[in-house]
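Dear colleague,

I am handing over the structure below, followed by an account of what was found in it. Please read the account with the model open beside you.

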Amino acid sequence: MEPDSSQLQPEQPPRARPAIRTGALASALTVVLGIAALATFAYPMYVIRPFRAQGATELAVALAIKQVAVWVAVGCAIAALICLGRLFLRPSRVAARVVAMVFTALACGSIWLARFNVYEKMFHPMGAPVVEPAAIAKVDPDDMVIAVKLNGSARAYPIREMGYHHVANDWVGGEPIVATY
């Protein structure tokens, strides 16, 4: 028995995805990738900045991110470049391309930021500490200090100085020391 011609429906071609939807998706993905790449630099920078209390877990996460930051930024940049390439190979809106270019550049620039040791720039080495007797030192009575006593000699490092430098290399009682804050 032959099927009734009224029951037959013509075959329809497969639906193509609209280029605008694909372009918007690729553009949105570059935004996410650019922000993720920048976060590999920004989060550790935020957590480890001076004069801010840090929790143990927060610091551990920041240091772990710092360890893998370059690889994550490289991965984000490669993925963003692929999305950007898709936008230029297919018809897409100019705004989607511009957004994708900006955030792809951000992802690529984040590779350099992740490799850059900002802490060397933030915390300038103290150099040789100036030593003077406590009676003439310019330290207010209520200033907090880091005190070191070794082999009969003593030093006091004001917190307001240590908070900026974080490290003082010195000799106390004939022994080399490192005072940190």
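In helix α2, the buried residues are A62, A69, A73, C76, A77, A80, C83, L84 and L87, where buried means under 20% relative accessible area, exposed means over 50%, and partly exposed lies in between, with a 1.4 Å probe and protein chains only. Helices (H or I, at least four residues) and strands (E, at least two) are DSSP runs, numbered from the N terminus.

Please keep in mind that this is a predicted model, in which local features need pLDDT of at least 70 and side-chain atom pairs count only at pLDDT 80 or more, while totals for chains, interfaces and linings use all residues. Residues are numbered from 1 along each chain as its sequence is written, and side-chain values use heavy atoms, with hydrogens and water left out.

Helix α2 covers residues 56–89, and its 34 residues reach 47 Å from the first C-alpha to the last, close to the 50 Å expected at 1.5 Å a residue; the expected span is 1.5 Å times one less than the number of residues. Helix α2 also has a kink of about 55°, centred on V68, the bend at a residue being the angle between axes fitted to the seven residues ending there and the seven starting there.

Turning to the strands, β3 (residues 167–172) and β4 (residues 175–180) pair in the antiparallel sense over 6 bridges, where pairing requires that DSSP finds at least two bridges between two strands. Within this pair, V167 stands opposite T180 and N169 stands opposite V178. The two strands form a hairpin with 2 residues between them, and G173 in the turn has a positive phi of about 60°.

Most residues other than glycine have a negative phi. N151 is exposed, with a relative accessible area of 55%.
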